[in-house]
Amino acid sequence: KTGGIPFGIKLFLKSLYEANLVHPRFNSWDWDIEKIASCNMAGSIVDLVIENIRLLSPECQKALSFAAVVGHTFQVNVLSFLLDKNLSDTCSTLWRAVQANLIYPTTSKCLRLQPLVWTKEIVPVSEQEYEDLKEYLIFCFAHDRIQTAAYQLLSTSETQAAHIKLASYIEHSTTEVMERVMHLNLAQGAMSIGELKELVSLNITAANEAISKMAYNQALDFVYAGESCISRVRHKISSTLRFELNMVKISAYFLLLRFDDVKDTVKSIIRTTPDLTEDQEY
């Protein structure tokens, strides 16, 4: 069940204890292996984590799920934007997940806003104090399987809507293209033909930016995502746009020393683009 992963083993044993299937004794533990084998325990680590997350309030579950969309490490102000909540309400919700050891704050300044967890009281803090510290309000999932489990609690439509909304936030708050396009690529299924056409161009831009940063494999990921957009709109993409995407693909293959792939891509361009211009042929 756990694959030998320490986090999974700890979680599995905790679940057995809470189900009263293991019992502490003086200097030892007792258990009934037949009962454990026959009990309806979750089938994987992610399933175990999902069961633990479902013990939290619906509000906290939603916050964790949207945090998983943002990433393994996430800023509270970004999560607040996705949840349409203020910083204080979002932080108060997240501390319940901190208590459950699902996430943890990454900066010491977060602790200034920590509620009295042992008495389960919330310390009154002004919204302005949250605003003053918002750049330090950063949390991280305790394990990547927790992020995976929280992400899976969202439906496909909820996930796609969250990625589109997050891409919009990135567009208006930073000049970072690659991160924005990565989120848009995860929401292709919710896009119109016009939006998919625009996304092909954005993937070309992101791929070129990745090449400039010597992230050649990531550049190919953007190329493949662009090709996925084209497959969705079929013949409604111009040959020029297809050609530009293929040229970026050739560049990435060449820089990765994948020369056979370069040759195959060139042959494919010649075969599928009968109206090549003189410059394109060159």
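Modeller: Two residues are in contact when they have heavy atoms within 4.5 Å. This is a predicted model, in which local features need pLDDT of at least 70 and side-chain atom pairs count only at pLDDT 80 or more, while totals for chains, interfaces and linings use all residues. Residues are numbered from 1 along each chain as its sequence is written, and side-chain values use heavy atoms, with hydrogens and water left out.

Biologist: With that in hand, which residues is Thr93 in contact with, leaving aside its neighbours within four places in sequence?

Modeller: They are Glu59, Cys60, Ala63 and Lys85. Thr93 itself lies in helix H6, residues 87-99, where helices (H or I, at least four residues) and strands (E, at least two) are DSSP runs numbered from the N terminus.

Biologist: Is Thr93 buried or exposed?

Modeller: Buried means under 20% relative accessible area, exposed means over 50%, and partly exposed lies in between, with a 1.4 Å probe and protein chains only. Thr93 has a relative accessible area of 6%, so it is buried.

Biologist: What does the side chain of Thr93 reach?

Modeller: A polar contact is a pair of N or O atoms within 3.5 Å; within protein, one must be able to donate a hydrogen and the other to accept it, and residues adjacent in sequence count only if both atoms are side-chain atoms. Here the side chain of Thr93 reaches the backbone oxygen of Asp89 at 3.0 Å. Another case is His143, in the loop between E5 and helix H8 (144-152), where a polar side-chain atom lies 3.0 Å from the backbone nitrogen of Arg145. Leaving aside neighbours within four places in sequence, His143 is in contact with Ile5, Phe7 and His72.

Biologist: How many aromatic pairs does a search of the whole structure find?

Modeller: A pair of aromatic rings is described by the distance of the centres and the angle of the planes. Rings of Phe, Tyr and Trp (its six-membered ring) pair if their centres lie within 6.5 Å, and planes under 30 degrees apart count as stacked, over 60 as edge-to-face and the rest as tilted. The search of the whole structure finds six such pairs. In one of them, Tyr17 and Trp29 have ring centres 6.1 Å apart and planes at 80°, so the pair is edge-to-face. This pair links distant parts of the chain, with Tyr17 in helix H1 (residues 6-18) and Trp29 in strand E2 (residues 28-31), twelve residues apart. Tyr17 is partly exposed at a relative accessible area of 45%, and Trp29 is partly exposed at 48%.

Biologist: What is the angle of the planes for Phe74 and Phe141?

Modeller: Their planes are at 55° and their ring centres 5.6 Å apart, so the pair is tilted. Phe74 lies in strand E3 (residues 73-75) and Phe141 in strand E5 (residues 138-141), so the pair ties together parts that are 67 residues apart in sequence.

Biologist: How many bridges join strand E1 to E2?

Modeller: Two strands pair if DSSP finds at least two bridges between them. Four bridges join strand E1 (residues 22-25) to E2, and the two run antiparallel; in E2, Trp31 is the bridge partner of Val22. E1 and E2 form a hairpin with two residues between them, and Asn27 in the turn has a positive phi of about 65°.
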